Amino acid sequence: MTWNLWWRFGPWAERQKAILAVLRELRPDVVGLQEVWAADGENLAEWLAGELGLHWAWAASPASERWQRRIGEPGTEVGNAVLSRWPVVETEVLRLPTPAELDDGRLALYTRLAAPAHDVPFFTVHLTSQLHLSAVRGEQVTALAEFVAAHRAGTGFPPVVTGDFNAWPDSDEIRRFCGLRTAPVVPGQVFFDAWEYADPAAPYATWDNANPYVPAGLGPSVRVDYVHVGAPAGPGGIGTVLAVRRAGAGPVNGVWPSDHAAVVADLAEGGPAGSLSGG
């Protein structure tokens, strides 16, 4: 699962409860989170993990002050996180390349998860958001692909790369990262967009104008959040996408959890019935 949690914007305390309710109902095995806050000794990822009985990892932006000025909360950090049903045995952080005048500390977080059958190399990322900065996101996905290549070895499970890419599915940066419709960044390394396995009639927008937190005038409803899975699948089909859908795409007790909907994918774990829920 991947979900951008909209940091401490809007009615964040009420949204926090709604986020937990969605995750509690879904019971995902692995979640990549973006815009996760930490403040006054509390960390949203740690709290969610504690409530759900999951392991967790978190990486703070090195430029949180740029976010703090937007809400007037000095000292409140923002970052990426991973929640996992299995132990997190390795982590590393990549600061994504961004021009200095635009740099608000965007990151990719790598975790290696000790699942029962295979370690899972799992990543979550948050790319630059401005509409006109496709070229910057192109540089960021280049660095991300190289980062994935450096950490995918030692397991049969293909890498899983989640996140808010702030990019449309047919954009140059998504095509470049996946490497299926253009030359891949790393020779031989390609990814499937899990949504390609979705029911064509299923609601797809994760940045949805139906959401009251989405500002007017930023374009049509679109999918900008992704679960990417390395291709081809591993031995016995492990990592194959079995199903994919949106979640968190409506109010919970009258409160929308975030300005983004989540993407949830079920991936084959190995064997005839095994799967990772929300992988």
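Which residues form a nonpolar patch on the surface? I started my notebook with that one, keeping in mind that this is a predicted model. I found Leu180, Phe192 and Tyr197 there, and together they have about 270 Å² of accessible area. I then looked up where phenylalanine 192 sits, and its place is in strand 10. Its relative accessibility is 33%, so I wrote it down as partly exposed.

I stayed with strand 10 and turned to aspartate 193. Its side chain meets that of arginine 223 in a salt bridge, at 2.9 Å from N to O. Aspartate 193 lies in strand 10 (residues 190-193), while arginine 223 belongs to the loop between strand 10 and strand 11 (225-231), so this pair ties together parts that are 30 residues apart in sequence. Are the two partners buried or exposed? I checked, and both aspartate 193 and arginine 223 are buried.

**Entry: another salt bridge, strand to strand**

My next pair was aspartate 266 and arginine 245, whose side chains meet in a salt bridge at 3.3 Å, N to O. I placed aspartate 266 in strand 13 (residues 262-268) and arginine 245 in strand 12 (residues 241-247), so the pair ties together parts that are 21 residues apart in sequence. For aspartate 266 I noted a relative accessibility of 17%, which counts as buried because the cut-off for that word is under 20%. Arginine 245 is partly exposed, at a relative accessible area of 32%.

What does isoleucine 174 touch, leaving aside its neighbours within four places in sequence? My list has Phe165, Ala167, Trp168, Pro169, Tyr226 and His228. I looked up a distance for isoleucine 174 as well: its C-alpha atom and that of leucine 107 are separated by 17 Å, and the two residues are 67 residues apart along the chain.

**Entry: helix 3, face by face**

My last stop was helix 3 (residues 64-71), where I looked for buried residues and found Ser64, Trp67 and Gln68. I then looked down the axis of helix 3: the buried residues fall within an arc of 105°, so they line one face of the helix. Arg69 and Arg70 are on the other side of helix 3, and they are exposed.

Terms used
Residues numbered from 1 in each chain as written. Predicted model: local features only at pLDDT ≥ 70, side-chain atom pairs only at ≥ 80, totals over all residues. Heavy atoms only, no water. Buried < 20%, exposed > 50% of the residue type's maximum accessible area, 1.4 Å probe, protein only. Helix = DSSP H or I, 4+ residues; strand = E, 2+ residues; numbered from the N terminus. Arc of directions from axis to C-beta. Contact = heavy atoms within 4.5 Å. Salt bridge = Lys/Arg side-chain N within 4 Å of Asp/Glu carboxyl O. Patch = residues over 30% accessible without salt bridge, like charges linked within 9 Å, V, L, I, M, F, W, Y side chains within 5 Å. Areas by Shrake-Rupley, 256 points an atom, 1.4 Å probe, with all protein chains shown as cover.
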